[in-house]
Amino acid sequence: MKIFNTLSRRKEGFVPLEPGKVKIYVCGPTVYNLIHIGNARPMIIFDTVRRYFEYKGYQVDFVSNFTDVDDKIIKKAMEEGVSADVISKRYIAECKKDMAGMNVRPATTHPLATEEIGGMIAMIQTLIDKGHAYVAEDGTVYFKVKSFKDYGKLSHKNLDELQSGFREIKVTGEAGKEDPNDFVLWKPKKEGEPYWESPWCQGRPGWHIECSVMAKRYLGDQIDIHAGGEDLIFPHHENEIAQSEAANEKPFATYWMHNGFLNIDNKKMSKSLGNFFTVREIGERYDLQVLRFFMLSAHYRSPLNFSADLMEASKNGLERILTAVERLDGVLEKASGDTLIEGEAEHAASLQALVEKFEGAMDDDFNTADGVSALFEIVKLANTAVTPASSKALAAQVREKIQKLCDCLGIVTERRAEILDEEIEQMIAARQQARKEKNFALADELRGKLSDMGIVLEDTREGVKWKRV
Ligand code: AMP
Ligand code: ZN
């Protein structure tokens, strides 16, 4: 298997630290809002990477954090007049629902920053003891970038370049910083913010330290793959390397993988441009499987443009697979014969060649786009070579391979029950009628049924509104 390593900017053969095992850490979202479809890209991509390693027989330890203390979470909490953990808990729960919809499996461990403060304090202390960090007068702890000679090795920047970039920027509130490149490990609390006790001041951690600490705690000092979106290369991952390697005195991750950005209308997604979709919004229009399939249709390192046309194409593509599976199941029910019949050996050989084509694509830096094409070729083979006259042996082989490859890509082959707008409207009308007749038990039962199907009702002055969640 070959993986493009951001560290070397080359594809490298995959050699695990421990034979048969893979340790993966993926930076997860900051939970202050519903996740958007950009956040969904690394989730789907690295879930597929995990599945492919498992397909190849590896045992995978997959850790992905939730950043549950951060300026944006605190701001939102203040706006709503609740504590920060109310916000983070709410959006972690919502994020998990979206992940389930996209068939992204839960990580082996999903650590929370707020539950790892002790480990962060310990690592910061180690960095201070080893001369890689210092405490400013106000209690802020900074990482001393110049003390780590490899700083810049991931983003391929050198300190002089960085230095000149910073010259223009006046840093306020960071009076105790010795060098503009130094970054915060721990900072003093501000009025109304959550804080923890520490040897330096009451305060909270900087963002970067949590990932170094969680990776160490759940995977060890050295891991195989560290991943995230390409915007994290600098400074986040560069700083993680500095912290982990300075503290542990071992190389941190062997391979650094980064997904390209998801754009809308060839522009960066942004709230101010109004070209911004949450996963939830897409889920109202499509089965989220379609979103997953759309993400897999491009190479993970390329930028990907989100458009209604491409989503329609993905929907149709997925439909072709599901229809072929249903047809195969129909043939299998009636077919007989445990051995191939005349002329079928050739089809079985083509099938095997296509499975190898799929594996070849995935072995080449997880080229899901080519992997999906190979799967379509198998679907075509299923539609042409498997007929009611085929042996059960051939139909079963084709069905089994399609299943295996779909599992590997995280595509669910069972059609999910789709509830139509019409049915929902009918049930709502029946509930209204029941309420009119003061049959509240029936009205509640209907509301409950709708809720089980993921439909939430809202009684407004203009009548009943509903939405899918
Ligand atoms: P954040 O919550 O901003 O830290 O983002 C969580 C993950 O989503 C990170 O791995 C980001 O790199 C990734 N991400 C954010 N926006 C996009 C986007 N438009 N396209 C692809 N990945 C993104
Ligand atoms: Zn991280």
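One cavity of 30 Å³ or more turns up in this predicted model. A cavity here is a set of points on a 1 Å grid over the protein atoms alone where a 1.4 Å probe fits but cannot get out, and lining residues have an atom within 4 Å of a point. Grid points are joined across faces, edges and corners, and the volume is the space filled by probe spheres set on the points. The largest cavity has a volume of about 30 Å³, and its lining is made up of Ile45, Thr48, Val49, Tyr300, Met362, Phe366 and Thr368.

Now to the rings. The structure holds 16 aromatic pairs (Phe, Tyr or Trp rings, the six-membered one for Trp, with centres within 6.5 Å; planes under 30 degrees apart are stacked, over 60 edge-to-face, the rest tilted). Here are two of them:

| Pair | Centre distance | Plane angle | Type |
|---|---|---|---|
| Phe46 and Tyr300 | 6.5 Å | 65 degrees | edge-to-face |
| Phe294 and Phe306 | 5.5 Å | 85 degrees | edge-to-face |

Are these residues buried or exposed? Buried means under 20% relative accessible area, exposed over 50%, and partly exposed in between, with a 1.4 Å probe and protein chains only. Phe46 is buried at 2%, Tyr300 at 1%, Phe294 at 1% and Phe306 at 6%.

Ring pairs also join Phe14, Tyr52, Phe53, Tyr55, Tyr58, Tyr255, Phe358 and Phe366 into a cluster.

Residues are numbered from 1 along each chain as its sequence is written, with chains lettered from A and ligands numbered from 1 in the order written. Local features need pLDDT of at least 70, side-chain atom pairs count only at pLDDT 80 or more, totals for chains, interfaces and linings use all residues, and side-chain values use heavy atoms, leaving out hydrogens and water.

Methods: 1 Å grid on protein atoms, 1.4 Å probe; cavity = no way out; pocket = protein on both sides within 12 Å on 5 of 7 lines; lining within 4 Å.
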